Amino acid sequence: MSPPNLIIIFADDLGYGDLSSFGHPTIKTPNLDRMAKEGQKWTNFYVGASVCTPSRAALLTGRLPIRSGMSSNKNRVLFPDSKHGLPSSEITLAEQLKNADYTTACIGKWHLGHKEEYLPLQHGFDYYFGIPYSNDMDIPQALLTEKGGYWEVVRDPKNNRIENFQVPLLQNNTEIERPANQNNITKRYTEETLKFIQKNRDKPFFIYLAHNLPHIPLFASEETLGKSSRGLYGDVVEEIDLGVGRILQTLKEEGLDKNTLVVFTSDNGPWLAFNEQGGSSGLLKAGKGMTWEGGMRVPTIFWYPEKIIPGVVDQIGSTMDLFHTFSNLAGVPLPNDRILDSYDLTPLLFHKQKGVREELFYYRGTELYAVRLGDFKAHFITQGEYGQFGPKVIQNPPLLYNLNHDPSEQYDIAEKYPEVIEKIKKVVEVHQDQMLAGEDQLKSRGSE
Ligand code: MG
């Protein structure tokens, strides 16, 4: 049998609590809920970083972003004047799958370098359609000056017009629209995905569909605008859900549903600084930009009818694990010339076996802030973001939480479990001894 088609649907800044199947009381996501019911809903699934650029680098390389130089203490993400991007020496999931003759597409937000040498086509993708960085970037200077800065522009819904965000839309290496018409961008990403599936139905394909919403500024097309009782944020999430439904339907119509694995997840937690315009991390603490659970634990669903054992999985998984898992499914050996942070999830997906991932490293930039080991998580450093959740604090002794008992990280139990802290400290020691940080790719901007 030929290897399965592989699709990742990646939402941007969608919180752990933003789908109905993950507990949202008013956002309606019937297609994702059905996908969860037919497949697996993962309740302890994480990203490699709490903001866009490093999180995407982690997913596509199966490595902590510090290794590729895609995390930085100077700039947390790439900007339109950034000079660099994902180094060509990194092996992306797309390049890996090319070894098994997959046809590959990146549809949506890239954010791993907007200069041609860093774009998806130069990183193993056969096709690209999307925006090269975030949808809140390229605000005209005159508007920034008039309103008094970035936050003043984006926080005021009156400025939510496409001309205020001069983000380019690219097809392959060519700019085809500027500003990208964001009103219908989610719908267009879905349509590009459907076309790609139909065109490549006879050979294995890999689609990385990275929606640039519900990252602010929020836009929805006429189909969903004004429909959700959650307001505009709900409209946006429901439009993504509608697209998921169309993708699953097309796979069925093309007779591909029994040979396609679809994964749905998000790049980081909700952007709480935007209040009602941002999402919700549900019962988890904090959100985007932070190493509390709400920043890095994301709603995740695996769907592969008749192959995946349906159910709820509470074992630990990471977007970085998709590299190993997909390589296994495609029959491609892992690269042996570099350290990966990737585990094979197929025992959990297909055989109901126990997970193999025990540990998680929560980095902010290139600094290790927290570590999860089994049920326990120790915070060595805590820091809020965007004016919320407090300043940077070195926690000595570290804060300790049992995430299975206390997913909201409310009750510090460090005093009760000194032996757990010692064990985690040993894990940190080994991890840091072996860490070889890549050269910072995010630091250089503009005329620097
Ligand atoms: Mg994001």
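Reader: Which residues does His 211 touch, not counting residues up to four places away in sequence?
Author: This is a predicted model, in which local features need pLDDT of at least 70 and side-chain atom pairs count only at pLDDT 80 or more, while totals for chains, interfaces and linings use all residues. Residues are numbered from 1 along each chain as its sequence is written, and side-chain values use heavy atoms, with hydrogens and water left out. With contact taken as heavy atoms within 4.5 Å, and with residues up to four places away in sequence set aside, the residues that His 211 touches are Ile 9, Phe 10, Ala 11, Asp 12, Thr 186, Tyr 189, Thr 190 and Ile 240.

Reader: Is His 211 buried or exposed?
Author: His 211 is found in the loop between β8 (205-210) and α8, where helices (H or I, at least four residues) and strands (E, at least two) are DSSP runs, numbered from the N terminus. Buried means under 20% relative accessible area, exposed over 50%, and partly exposed in between, with a 1.4 Å probe and protein chains only. Because its relative accessibility is 1%, His 211 counts as buried.

Reader: How far apart do the C-alpha centres of domain 1 and domain 2 lie?
Author: The protein is divided into domain 1 (5-351) and domain 2 (359-434), with bounds that come from an automatic or database domain assignment. The distance between the two C-alpha centres is 26 Å.

Reader: Which three residues supply more than any other three of the area that domain 1 buries against domain 2?
Author: Buried area is the accessible area (1.4 Å probe) that two parts lose on being put together, summed over both. Domain 1 and domain 2 bury about 2,700 Å² between them, with 58% of it on carbon and sulfur atoms. Of the area that domain 1 buries against domain 2, 23% is supplied by Thr 291, Trp 292 and Ile 316.

Reader: With which residue does Lys 377 form a salt bridge?
Author: A salt bridge is a side-chain nitrogen of Lys or Arg within 4 Å of a carboxyl oxygen of Asp or Glu, and the count between domain 1 and domain 2 is two. For Lys 377 the closest N and O atoms are 2.8 Å apart, and the partner is Glu 293.

Reader: Where is Pro 397, which is joined to Asn 396 by a cis peptide bond?
Author: The bond between Asn 396 and Pro 397 has an omega of about 5 degrees. Pro 397 has its place in strand β16 (residues 393-402).

Reader: What is the relative accessible area of His 111?
Author: His 111 has a positive phi of about 65 degrees although it is not a glycine, and its place is the loop between β4 (103-108) and β5 (127-130). His 111 is buried, and its relative accessible area is 1%.
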